[in-house]
Amino acid sequence: MDIPAAILKMVDAIYARAFGFATALAAVGVISMALIQTVKDVFPIRRWFQTYRVRDWLSAQAPKAPAGGHPVSAEAAETDLVRLATSGDRDAFYDLAIEQVTAQMNAAAQMVLDFPWLHPDLFYCLAAQGDAEDLRRLIESRPPERGPRPPLSDEDKKALLDARNRVTHQVQRSLDGLMIAVGFRWKFWLQIASFVVSALIVWTGLLLFVPEPIEVLARHLPLYAALAVLGGFLAPVARDLVAALQQIRK
Amino acid sequence: MAGWNELSLREDPVGGEVRETVRELTPPFPQGRRRVVLLIHGYNNTKDAARAAYETFTDDLAALGPGAGALLADVGKLYWPGDVALGPLSFLSYPTELEPAKKTAENLATYLRTLAGPAGTPVELYFVCHSLGNRVLLELLDRLAEAPAPLGHVAAVVCMAAAVPVELVDAGGALLRGARLPDKTLVLYSRDDTVLHWAFPLGETAAGDGFLPTAVGRFGEPSGLWTERDELAGDDHGDYWGDPRAAIRLARVLGAAVPQALEAAAIARRTLPRATAIASREIPARELQS
């Protein structure tokens, strides 16, 4: 019994039956990817998405911040953020890749951590998970309106430095979290979009090019819908499947 | 070329006297920064030689990734006249460099007492020193322990190949008070440092600073004083600034995330001992007598 030959025969059989379907789905995948890329290039989809996500993040941070009674405005924080990050150019800021958006936010955060009393809304939003006492200490480190700053004791100096280090760390980790979450969500929605577009292409193809009387078509609609959904899921990976099958046959 | 902030206590690029005041070559640094990391070179370094050594170090730091690279904005390169204009013979100047080191420390301490962070808030000070730069550092810390900087806090120091006699920082040592000032002290040493092994004891003895003393940078002594000690095995005296391990240690001291390679563990190859041949012995045949 020639086991390797039997396995190769089975692969050939799969290839013969699945290759046509896989090739069709690969073409659907290419078309759907091209459509999505075109839409991404023509419309500022990513900018809208990132604007929404960052605003949403700031709005979620604002009520969590231990601001000691200070009302925290996410809108004011966002305006301040864009002003510090890209000199107020909102489109330029949100048009960047998310890694660069958070890098610009980090650069803005350094200024906020240096002078938190000048940017209270943004400070509380960025450091919302920080310790309340640390945040209070930093906000109250503002210089007096007039005259020199009263000298700090060694303990106060150390406490202020420690608080600043802890809050700085917290802010950087928050921005890391934002970057990971937005990046994941962006990829997730792109994946969903590719499924939907691929499914629509398969559905359209079945409706237009399978000649059936109307009553048969009506009976087959659920089947077509199932095929369209299946095609939608498989199309994005069909190119890889086709390439893999060809590789095995060689 | 990574890192650009510079401070100078030199009058001349080669040799010369210690300046009375620190010159900020790249203002506004270090004023208004939350954190300042000063690099201090050792003896027998012209300004250009020191700059080249610093740049290998900051390049290594930048190569560790964006986390460590972001630290460069806080890094400042300090130049001080720990050399003489004797060309190839300037290495003989060691016994005469202790006074410039002390004067540099004095003037630097005066300058650091004027430093302030953003809006007059405190500033964290870090020092990375090599060779005789560690003497500058310990003299500086002694002065800051005596009269602290109002807004400066010495958070950590990294001492590489410290050309400082162990006796000075051991129990009862003249510089012990300063050595205890930082929150964190990391000593990098190497048993393979031939300069600290052979030349340092002679130079210190010639300078009247002790009799054939052992350098801190030779074995990292006294071990109980430093919060952390690490041997950079294989490094000779001039290798530290260009050793990426030193940049990694500094990045960790400053809290930057750096990639860490897993230690490779290998099981030593063992073989069975060679089988011992058993000696044969023949017993002479004997005949029983009836």
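In chain B, the loop between α3 (98-112) and β5 holds P118(B); helices (H or I, at least four residues) and strands (E, at least two) are DSSP runs, numbered from the N terminus. The model is a predicted one, in which local features need pLDDT of at least 70, side-chain atom pairs count only at pLDDT 80 or more, and totals for chains, interfaces and linings use all residues. Residues are numbered from 1 along each chain as its sequence is written, chains are lettered from A and ligands numbered from 1 in the order in which they are written, and side-chain values use heavy atoms, with hydrogens and water left out.

P118(B) has a relative accessible area of 1% and is buried; that word stands for under 20% relative accessible area, with exposed over 50% and partly exposed in between (1.4 Å probe, protein chains only). Between the C-alpha atoms of P118(B) and Q31(B) there are 8.0 Å in space, although 87 residues separate the two in sequence. With neighbours within four places in sequence set aside, P118(B) is in contact with G32(B), R33(B) and R34(B) of chain B, and with D114(A), F115(A) and R164(A) of chain A. Contact here means heavy atoms within 4.5 Å.

## R34(B) and its partners in chain A

R34(B), one of the residues that P118(B) contacts, is placed in the loop between β2 (18-24) and β3 (35-40) of chain B. Its relative accessibility is 15%, and R34(B) counts as buried. Residues up to four places away in sequence aside, R34(B) touches Q110(A), L113(A), D114(A), R164(A) and T168(A) in chain A, together with P118(B), P122(B), V123(B) and E124(B) in chain B.

Two of these chain A residues have polar or charged links to R34(B). With D114(A), R34(B) forms a salt bridge in which the closest N and O atoms are 2.4 Å apart; the rule for a salt bridge is a side-chain nitrogen of Lys or Arg within 4 Å of a carboxyl oxygen of Asp or Glu. With Q110(A), R34(B) makes a side-chain to side-chain polar contact at 2.5 Å. A polar contact is a pair of N or O atoms within 3.5 Å; within protein, one must be able to donate a hydrogen and the other to accept it, and residues adjacent in sequence count only if both atoms are side-chain atoms.

## The interface of chain B and chain A

The area buried between the two chains is about 1300 Å², and carbon and sulfur atoms give 54% of this area. R34(B), A119(B) and P122(B) supply 47% of the area that chain B buries against chain A, more than any other three residues. Buried area is the accessible area (1.4 Å probe) that two parts lose on being put together, summed over both. In terms of residues, 14 of chain B are in contact with 16 of chain A.

The rule finds 2 salt bridges across the interface, and 8 residue pairs are in polar contact, both residues being at pLDDT 80 or more. On the side of chain B that touches chain A, β5 (123-130) and β6 (152-160) each supply at least two residues. The residues of that side comprise 7 nonpolar, 4 polar and 3 charged; Ala, Val, Leu, Ile, Met, Phe, Trp, Tyr, Cys and Pro count as nonpolar, Asp, Glu, Lys and Arg as charged, and the others, Gly among them, as polar.

## Helix α9 and strand β7 of chain B

Helix α9 (residues 244-253) of chain B has 7 of its 10 residues buried, so it is largely enclosed by the rest of the structure. The buried residues are A246(B), A247(B), I248(B), R249(B), L250(B), A251(B) and V253(B). They pack against α1 (47-62), α2 (66-69), β5, β6, β7 (184-189) and β8 (228-231) of chain B. After α9(B) comes G255(B), with a positive phi near 85 degrees.

Strand β7 of chain B contains Y189(B), which counts as buried at 7% relative accessibility. Y189(B) and M160(B) lie 29 residues apart in sequence and 6.2 Å apart in space, C-alpha to C-alpha.

## The two chains as a whole

Chain A has 9 helices and 0 strands. Its radius of gyration is 28 Å, well over the 18 Å that the globule rule gives for 250 residues, so chain A is more spread out than a compact globule. The radius of gyration is taken over C-alpha atoms, and the globule rule is 2.2 Å times the number of residues to the power 0.38. Of the 250 residues of chain A, 34% count as buried.

Chain B has 9 helices and 8 strands. Of the 290 residues of chain B, 53% count as buried.
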